[in-house]
Amino acid sequence: MLAGGGLLAVANHNSADRDSNGYSAPGAFNELLDDNGVMPDPFGFRFDEVDRDTPTVLTDIVDPGHPVLDGPGGMVAAIGFYEGCTAHVTGAGAVGLITLGASEELVVGAAEAGDGRVVFITDSAILGDGTDSHGNTLSDHDSWNDPTQDNRALLLNAIAWLGEQG
């Protein structure tokens, strides 16, 4: 990553250990950030290993001009939050973009490290299209197509920004 490339890190709530191996996404990502063979904390953020069951629409936009929030997919003014964790900035290079209400409770953020870029999202349901892992359609879980939220724009902008050459 320091030499270039992009990483989209999508976590979930701490108790979402889907394969029963003792790890959920926040812990697995934090282990990667701590023990990666390059350097500890290379991107300047950590996931908080918590469960936040707070279904709500988030409009606490920290940096509306950031390309992840204002890019080719459109402008992001509101996203959904369902059940996830939070994250916090630990060093230079990382910025919070959307919060759960308190500045230290990040839901979306971005980091630049060397020539690499990272976007982190703390609730996988923000990107849900209304299907589950068993192939069931759950219309009340289709946040991708929710016209009251900018979840689709968030992901499209994130992918575009991650793919840009530094």
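Strands β1 and β8 run parallel and are joined by six bridges; strands (E, at least two residues) and helices (H or I, at least four) are DSSP runs numbered from the N terminus, and two strands pair if DSSP finds at least two bridges between them. The model is predicted, so local features need pLDDT of at least 70 and side-chain atom pairs count only at pLDDT 80 or more, whereas totals for chains, interfaces and linings use all residues. Residues are numbered from 1 along each chain as its sequence is written, and side-chain values use heavy atoms, with hydrogens and water left out.

**Strand β8 and its partners**

- Val10 has Ile121 of β8 as its bridge partner.
- Strand β7 pairs with β8 in the antiparallel sense over six bridges, and Ala113 stands opposite Gly116 in β8.
- The two strands β7 and β8 form a hairpin with two residues between them, and Gly114 in the turn has a positive phi of about 60°.
- Six of the six residues of β8 are buried, so the strand is largely enclosed by the rest of the structure; buried means under 20% relative accessible area, exposed over 50% and partly exposed in between, with a 1.4 Å probe and protein chains only.
- Gly116, Val118 and Phe120 point one way from β8, while Arg117, Val119 and Ile121 point the other way.

**Aromatic pairs**

- The whole structure holds four aromatic pairs; rings of Phe, Tyr and Trp (its six-membered ring) pair if their centres lie within 6.5 Å, and planes under 30 degrees apart count as stacked, over 60 as edge-to-face and the rest as tilted.
- Phe45 and Phe120 are stacked, at 4.1 Å centre to centre and 20° between the planes.
- Because Phe45 lies in strand β2 (residues 45-58) and Phe120 in β8, this pair ties together parts 75 residues apart in sequence.
- Phe47 and Phe120 have ring centres 6.1 Å apart and planes at 80°, so they form an edge-to-face pair.
- Phe29, Phe45, Phe47 and Phe120 make up one aromatic cluster.

**Helix α2**

- The 13 residues of α2 should span 18 Å at 1.5 Å a residue, which agrees with the 19 Å between its end C-alpha atoms; the expected span is 1.5 Å times one less than the number of residues.
- Leu154 is found in α2 (residues 151-163) and is buried, with a relative accessible area of 0%.
- Not counting residues up to four places away in sequence, Leu154 touches Val68, Leu69, Val76, Ile79, Val108, Ile121 and Ile126, contact meaning heavy atoms within 4.5 Å.
- Elements covering the buried residues of α2 include β1 (5-10), β7 (106-113) and β8 (116-121).
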